[in-house]
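Below are a few friendly notes to read beside the structure, beginning with a single residue and ending with the whole chain.

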Amino acid sequence: MATAYGYKRAPFTYTWIIENFSELTYIDLKSPSFVIKSIGDTVWYLQVEENVHFYCHIRTNNFSVKECHGIDFEFSFLGADGSPLISKRSSKSRLFLSLLSRETFLERWAEFMPNNTLTVQCRMWRREHTVPTTDLCHARTKLKIYKESFVWAVKEFSALNSSEAGDFRNLAWNERKVYPLKPLTQKGPFMALILYLKRNSVYEDVYVDFLIEKGRDYVFSCEISVLNANGNVIVSKAARGRPYFSWTILRFWPLISKDKLISNKNLFLPNGTLFLKCSFEVCTGVISSEIEYCTPNVSSVVEEEEELLNFFVVRKEVDDLLEFEEYFIREADEKELDNQSVEEQSHSGTCNNVCPLKAALRYLNSEATLRDVSLRIGTKLYPVHKNIICSRSPVFNTIFSKNMKENIIEINDMDENTLLRLLQYIYTDTVGDLQFENALDLFKAATDYQLFDLKERCSDFLQMNLCKTNVRDIQSLANKYLDEKLENASRSFFLV
């Protein structure tokens, strides 16, 4: 191939396919590593990071190598047919390019993102060297994306007081509305939406903040839309970012003026209620990332325990943990919520953890008195309250109805750990910190004992944790227990 330097040089071509992209996806992602023998023994990888622009880097694990002389390179985004949609080439010693703006990327979304897949191509040449063959490498990365969309009905919006304060932390309780979101894992990150009215000399504007307390360094995108009474979007704003410190705030300022809402109250504020549609997406990691094919002069490098997204865990000071405590779901009962996972908090409904009924059931679960029957696994007995377990499970109700005089019932279809989690759910509506294996067993027990809400929680957990090492087990479980959502999720995993 003739170049500006007059040399005939065959390129090294690295094609990197990134799956599960969406318009909200915000990434700082690295590719599987590789070595190009014709260039040397340096371990290389690509990195794509995005803010206002998409930046493409060629990087090396040798931190002493800050620049690389003698190499020309080119980055491209490819279309569905494999042809470049945009390309830029450089011979500078700093190996990165600003390929295009995010605005342009979104305008040409359908071209760049067939089937929600971004294909990045990097070509490299060793300057002033003739290489007789073209070396190739194909890699694929599959992102793990968590998506949530819901409508927040902000009741009594018309009675909300406005303030000149520009920070929700300086507002009184009657000057803000708070909507806690379910955390992604038992340990967070904890999230909340805060709405308030900011007053200036002319207008009162609706402000919304998306508060995120840092757990792992997840990458967040959020879109908030104001809906009218017919469910149509009036205005929409999006914000994207990651919590670099112990917390971060995505701001939607100003979202809409109060005057505009009041001007057509029947349509925009039916019964004094403001409706906000909130859609957020979190890139929580990488399901898989590997080199699928390379020519003999290229070798892949397996880096053990490598974090493929720039995630890290931050040590949080006590003050950081307490600063926003009042805004999160765990505010209800800190002691109990330490052992309560995401789905449990989100399924709590209107009866939260300070509900007297739940408090009474938790008390009965912790006390040994008044237990009138026992469940036995092997030689071990588990005393329980017959009325409680029968009211929660139709299967237990049938068992005890048939054996009214029996005080001990044999349990042969689950192990001790699963029974304990099942009883924990029956008494407290929580299941603790789920892991893959116990979620599988708990799913089976929940189905067998007709605890369908618990089954749904386990199914949601398994869907969120699908990966190539467990997808066949999950598909087999879905087929056996006729779980359509779980079956569709596992089938979709194979298709991509």
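1. Ser158 counts as partly exposed, because its relative accessibility is 33%, and that category lies between the cut-offs of under 20% for buried and over 50% for exposed. Please keep in mind that this is a predicted model.

2. Where does Ser158 sit? Its place is the loop between strand S10 (135–154) and strand S11 (162–163). Leaving aside residues up to four places away in sequence, Ser158 touches Lys258, Leu269 and Gly272. Asn271 is 113 residues from Ser158 in sequence, yet the C-alpha to C-alpha separation is 9.3 Å.

3. The largest nonpolar core has 43 residues, and the members that touch the most others are Leu375, Ile389, Phe396, Leu422, Ile426, Leu454 and Leu462. Helix H12 (residues 436–448) gives the most to this core, contributing 7 residues.

4. Not counting residues up to four places away in sequence, Ile389 touches Leu375, Val384, Phe396, Phe400, Leu423, Ile426 and Tyr427.

5. In soluble globular proteins, nonpolar side chains tend to be buried together.

6. Finally, the whole chain. The protein chain has 15 helices and 22 strands, and 50% of its 496 residues are buried. Of the contacts between residues at least 6 apart in sequence, 66% join residues at least 24 apart.

Terms used: Residues numbered from 1 in each chain as written. Predicted model: local features only at pLDDT ≥ 70, side-chain atom pairs only at ≥ 80, totals over all residues. Heavy atoms only, no water. Helix = DSSP H or I, 4+ residues; strand = E, 2+ residues; numbered from the N terminus. Buried < 20%, exposed > 50% of the residue type's maximum accessible area, 1.4 Å probe, protein only. Contact = heavy atoms within 4.5 Å. Core = buried A, V, L, I, M, F, W, Y, C linked by side-chain atoms within 4.5 Å.
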